[in-house]
Amino acid sequence: LIVTTIAVILALVQVLFTSTANAEEIVVKFSHVVAEDTPKGQTAIRFKEIVEQRLAGQVKVEIYPNAKLMDDEAVIDGLQRNVIQIAAPSLSLLEPYSKSFKIFDLPFLFTSAEAIDRFQQGSTGQQLLGALRGADIDGLCFLHNGMKQISANVPLRLPADAKGKKFRIQPSSVIEAQFNAIGAIPVRAPFTKVFHLLQTGALDGQENTWSNVYSQRIYEVQPYITETNHASLEYMLIVSHTFWTMLPDDVRTNLTAAAKEACAYGNSIARDLNATDRKKIEASHYTQIIALTPQQRQQWMTALKPIWTTFEPTIGKNILDAAIAANS
Ligand code: LMR
């Protein structure tokens, strides 16, 4: 870590010195793994627009979508080494750096998108923005994608239908526990590999939002998608603390404000974008969307809710209580 920190400081001194000496622009590279026409893709574009309008000639934003530069599993290291300057990974990927983020993966925890907003904007959520400081990372704002659905090569109506099937998951112990709880086999794999793993039949299913299922063409290789709405895919815009604090004050203030405005914009379009992508998937006739009856959904909840108790000690009772309280 010390070597990395020194390397980062040297790189930053060089960047900042060059930028004052030659009036060169500071380049902010934004890496993400999804398509541009998604909540995260659109948020990155909005961030670039705001920054390049307000800090014209001072800061240039380069966006690398679709994992062109790196998978999201690599962004913390990329920020620490100053290879990229901003990212927005799924909170499920942050588990190695802070156990608190597991809260967002607990199935059937938040009862509405508004509840997630209340939790994130409340005092516990705002504290979580600082939970990665030990890794030299600052969180700037939370960003929604949307509710996750479960697709497979067989119709899943009851939890027992998933038994023995292999599902791609993000690297999250909660999501792993979720599939284990229904007798399925969770397999961790990067986002960029999902389509191929499903197309070749190496895996049977996966969980993701409508916008990711649409933009990655997952629906073309999955004949059934069960509308479980069991948890939300959430992101955080993150930067290196060292990089951020070494920026000139006015630049940092403007960049922070731009990130928050971009998050607010992304959050305002996320729900509609997912609803539109759901319609496009439905209209494509590649796949059948399965709606659960209240009784069927209750069975999924009964099977999955015990996971809350399993993870309460590692997440923290105060965080779990705050999340439950945000529902009302
Ligand atoms: C996934 O791996 O499914 C997601 O984290 C991808 C994303 O960034 O939306």
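Begin the tour by selecting Val75, which has its place in helix α3; helices here are DSSP runs of H or I with at least four residues, strands are DSSP runs of E with at least two, and both are numbered from the N terminus. What you have open is a predicted model, in which local features need pLDDT of at least 70 and side-chain atom pairs count only at pLDDT 80 or more, while totals for chains, interfaces and linings use all residues. Residues are numbered from 1 along each chain as its sequence is written.

**Val75 and Ile84**

Stay on Val75, which counts as buried with 23 C-beta neighbours inside 10 Å. The term buried applies when 20 or more other C-beta atoms lie within 10 Å of a residue's own, exposed when there are 12 or fewer, and partly exposed in between, with C-beta atoms placed from the backbone. Leaving aside residues up to four places away in sequence, Val75 touches Ser31, Met70, Ile84, Ala87 and Pro89, where contact requires C-beta atoms, placed from the backbone, to lie within 7 Å. If you draw a distance from Val75 to Leu255, which is 180 residues apart from it along the chain, the C-alpha atoms are separated by 19 Å.

Next select Ile84, one of the residues that Val75 touches, and follow the chain to the loop between α3 and β3, where Ile84 has its place. Is Ile84 buried or exposed? Ile84 is buried, with 24 other C-beta atoms within 10 Å, and the residues that it touches, again not counting those up to four places away in sequence, are Lys29, Ser31, Leu69, Val75, Gly78 and Leu79. From Ile84 to Val33, 51 residues apart along the chain, the C-alpha atoms are separated by 13 Å.

**Strand β7 and its partners**

Now select residues 205–209, which form strand β7; five of the five residues are buried, so the strand is largely enclosed by the rest of the structure. Show strand β4 (residues 137–152) beside it, and you will find that β4 and β7 pair in the antiparallel sense over five bridges, pairing being assigned if DSSP finds at least two bridges between two strands. Within this pair, Ile150 has Glu207 of β7 as its bridge partner.

**Helix α4**

Move to helix α4 (residues 113–121), whose buried residues are Ile116, Phe119 and Gln120. Turn the view to look down the axis of α4, where these buried residues fall within an arc of 95°, so they line one face of the helix; the arc is that of the directions from the helix axis to the C-beta atoms. The buried residues of α4 pack against α5 (123–128), β4, β9 (232–240) and α13 (317–325).

**Two loop residues with positive phi**

In the loop between β3 (86–87) and α4, select Phe108, whose phi is near 60°, a positive value in a residue other than glycine. Most residues other than glycine have a negative phi. Phe108 is partly exposed, with 18 other C-beta atoms within 10 Å. Then go to Asn66 in the loop between β2 (59–64) and α3 (75–80), where phi is near 55°, also a positive value in a residue other than glycine. Asn66 is partly exposed, with 15 other C-beta atoms within 10 Å.

Select Ser240 in strand β9, which is buried, with 25 other C-beta atoms within 10 Å. Ser240 and Pro294 are 54 residues apart in sequence, and their C-alpha atoms are 45 Å apart in space.

Finally, zoom out to the protein, whose secondary structure comes to 13 helices and 10 strands. Along its principal axes the C-alpha trace spans about 65 × 45 × 35 Å, and of the 328 residues 44% count as buried.

Technical notes. Contact = placed C-beta atoms within 7 Å.
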